[in-house]
Amino acid sequence: MDGEGPQTLCDLCVAQVCCRLDALCRKRADGSMSLIWAPLFPQELADQLLQKMATQGTLNDTTVGIFRNSEKLRLRRASIRRCKVSAEAFRLAFCPHRLLELDASWVPGGLTGADVISGLASNPECRASLQKLALDGLSLNWGSLEGDGGVSVGFGSLQGLRTVQLVNTDLTDDILEDICSLPQLETLDISRTTVSKLNALLQCKSTIRFLIAHRLHRLDMSPVRLLSVFTQLHALRHLDFSDDHLAADDNERRDADESVRQLLWGSHQGLPSLVSLDISGRKTIGDSAFRVFVESRSELVFLGLLATGLSSCPVLSSQKNLKLVVEAMLSHPESPHVHLVATACVFNLTTQDLAEAVPVSLMSRTVSQLLHAMRTFPNHQQVQKNCLMALCSDYILQDVPFDKYLAAMLVIKWLSDHEEPALQRMAVAVISILVAKLSKEETAQLSKDVSFMKQLLAVVQQKAMLGVIDSTLKFALSALWNLTDETPTAARNFIECQGLELYEEVLESYYGEPSIQQKILGLLNNIAEVEELQSDLMDEELLEHILGLLQDSQLEVGVRYFAGGILAQLASRAEAWTLDDELRSTILEQLHESIVAWPHLEQEMVSYRSFRPFYPLLQTCQPSGVQLWAVWAIHLVCSQNTSHYSGMLDKEGLAELLKALDAHPDTHGDVKRVSQHIMLMVQEHQGHPEVTNVKTEPGKS
């Protein structure tokens, strides 16, 4: 099922039959199964039973025997894809049926294309009824073909065929001739085959509508001759002549690229019905030929341009085509086939800088449809992958309005079922940015789902066990940092999911990696800000390690800053301190001594949603080390983004706390000096509002 929901009664019954075949069947002399009693199955139910057995992995030479009863179990659309079925079992079980479709792709165990063709051709009804045949991945073994009485048979014997798929087979030019003689052939997929000539296509030039010819690595035709064949395919609507972008740049590839270039240049000379073209991987086409083609093809609805360098060509009108795609998605909200193609189109139409040329309102509608597709088709891997790749755009995530809470939930759900490194990196990157964009209320709501926390921690643990430092690890750490920012529920979930133990290990094992340490310490800061959770950090070994980071002058200031934040929060509450008092005294002393030596930082290192966590640290009764860390932190962000944070100081009442510190007789001179600098900075900004900085979104990077 594409959507969420209970299984149908029919599905449950079919599943029960599959599970109880041993009880429902007797064995024939050859070991195959036969139903003890079989009612007349509705035709669709017979197809469904076969499909269920195939997907469950229970279809084999023994169980397939039940379909020899072609009077009670009438198959029309049969799929034995990747099921181990021998030639003899295939002949006895499937050839007596009046099939419309057959998928025998990637069948292991010796079944050949010749076995399939000769078996099907032995049934006069099947010769006329079969419309679709897929033999991807099989050895054709054409030399063994021979019909009754020594008369040769072939694809031409199956006169009803409209669709033929032969991906990754040993297809030869002679067999292609035979296939193209079919009077009703409309769709042909010969990708990754060994054909060297395509002249045979001229036999079906009036009927062929869809031609997929990806990566024909043995093609041996001059560009002129290949162009001549293509331009005579008058009924062709979709042409896929793409190549593997990783393939070696050999003569055959260059000839094929030149053929495509000439086809684009002379687009007005042929292919009058073409509306879809995929030339992905063709790297040497050139902008000029491409521009001529696009400008002369107003009816074109799809262009595959992956790894061509043409995606950003100015002639592409992303806005126009994207409107068409969105309308199609809206018109067919429950169709997985429409969304499979549409989501791929969205990716191609918004990749690189193309999205920025599209009106924001249209991009917003487009992203909403991507989220609809992810929610409606959770089990359709390619749709999910297309949506994820389209979402993985800084522009879309940062500047386009859409439901970021829903997006975060959908992406984390996808991540829980997939571990492909490249896609995992994209998913975690998207989540990291989305979490930073959520409101405080949305972050709190998101944090209630413990699975969200567990999934991100699992990514961190996976990377830490391998000792790797990559963008996936950094994105996951940033997401967790932002998720726990001023969100006590998330911080509590982090501890309950054993995140604290994991982070202690990572903090020690990545000692020499400041980018990792900062993110680890930043999250521990978030925990330290929650009074009821501070007791979980009262571990002498942990705090001594963090104190060591604060004191280490060889480390970057960013690492020492976050180490200081944890210590300042914990040491600020003498009544809650449960460890040795001497350790607290050392912490307070080292905070002050370390901070006064820190240089001013020009590069942005941190941003804050609010200054509320600083309230308890700025009280006049606090030790100077605690106060000094707080005012240094406020001075840092204010100096880097005065326009944003000066307003926060006034709105949240921190300006009054700073004034009180400055006026109190017991406030240390170092604390007073930094406080005065902050107030002067704010006053100068308010007096000269034209001197502003770019606004920074709350969140960690």
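A crossing of two helices is left-handed if the near helix is turned anticlockwise from the far one by less than a right angle, and right-handed if clockwise. Helices (H or I, at least four residues) and strands (E, at least two) are DSSP runs, numbered from the N terminus.

Colleagues, the structure above is a predicted model, in which local features need pLDDT of at least 70 and side-chain atom pairs count only at pLDDT 80 or more, whereas totals for chains, interfaces and linings use all residues. Residues are numbered from 1 along each chain as its sequence is written, and side-chain values use heavy atoms, with hydrogens and water left out.

I begin with a helix pair. The crossing of H13 and H14 is left-handed. Helix H13 covers residues 360–376 and helix H14 residues 381–391; they pack at an angle of about 150°, with their axes 9 Å apart. Axes here are lines fitted to C-alpha atoms, for helices over the stretch in contact, and angles run from 0 to 180 degrees between N-to-C directions. H13 and H14 are therefore roughly antiparallel, a term for angles over 145 degrees, while angles under 35 count as roughly parallel, 65 to 115 as roughly perpendicular and the rest as oblique.

Which residues make the contact? From H13 they are Val 367, Leu 370, Leu 371, Ala 373 and Met 374, and from H14 Val 383, Gln 384, Cys 387, Ala 390 and Leu 391; contact means heavy atoms within 4.5 Å. These residues divide into nine nonpolar, one polar and no charged. Ala, Val, Leu, Ile, Met, Phe, Trp, Tyr, Cys and Pro count as nonpolar, Asp, Glu, Lys and Arg as charged, and the others, Gly among them, as polar.

The buried residues of H14 include Asn 386 and Leu 388; buried means under 20% relative accessible area, exposed over 50% and partly exposed in between, with a 1.4 Å probe and protein chains only. The buried residues of H14 pack against H13 and also against helices H12 (336–350), H15 (394–399), H16 (404–415) and H17 (421–437).

I turn now to the sheet. Nine strands form an open sheet in the order S3-S4-S5-S6-S7-S8-S9-S10-S11, with parallel pairing; two strands pair if DSSP finds at least two bridges between them. Strands S3 (77–79) and S11 (302–304) stand at the edges with a single partner strand each, so one side of each has no neighbour in the sheet. On average, neighbouring strands are turned by 5° against each other, direction ignored.

Within this sheet, S8 (residues 210–212) and S9 (residues 238–240) pair in the parallel sense over three bridges, and Leu 211 stands opposite Leu 239 in S9. Thr 187 belongs to strand S7 (residues 187–189) and is buried, with a relative accessible area of 18%. Leaving aside neighbours within four places in sequence, Thr 187 is in contact with Arg 162, Thr 163, Val 164, Ile 208, Phe 210 and Ile 212.

Arg 215, in the loop between S8 and helix H8 (223–231), has a positive phi of about 50° although it is not a glycine. Leu 271, in the loop between helix H9 (251–265) and strand S10 (276–278), has a positive phi near 50°. Arg 215 is buried at a relative accessible area of 16%, and Leu 271 is buried at 2%.

Finally, Leu 483 lies in helix H20 (residues 471–483) and counts as buried at 1% relative accessibility. Leu 483 and Ser 447 are 36 residues apart in sequence and 7.1 Å apart in space, C-alpha to C-alpha.
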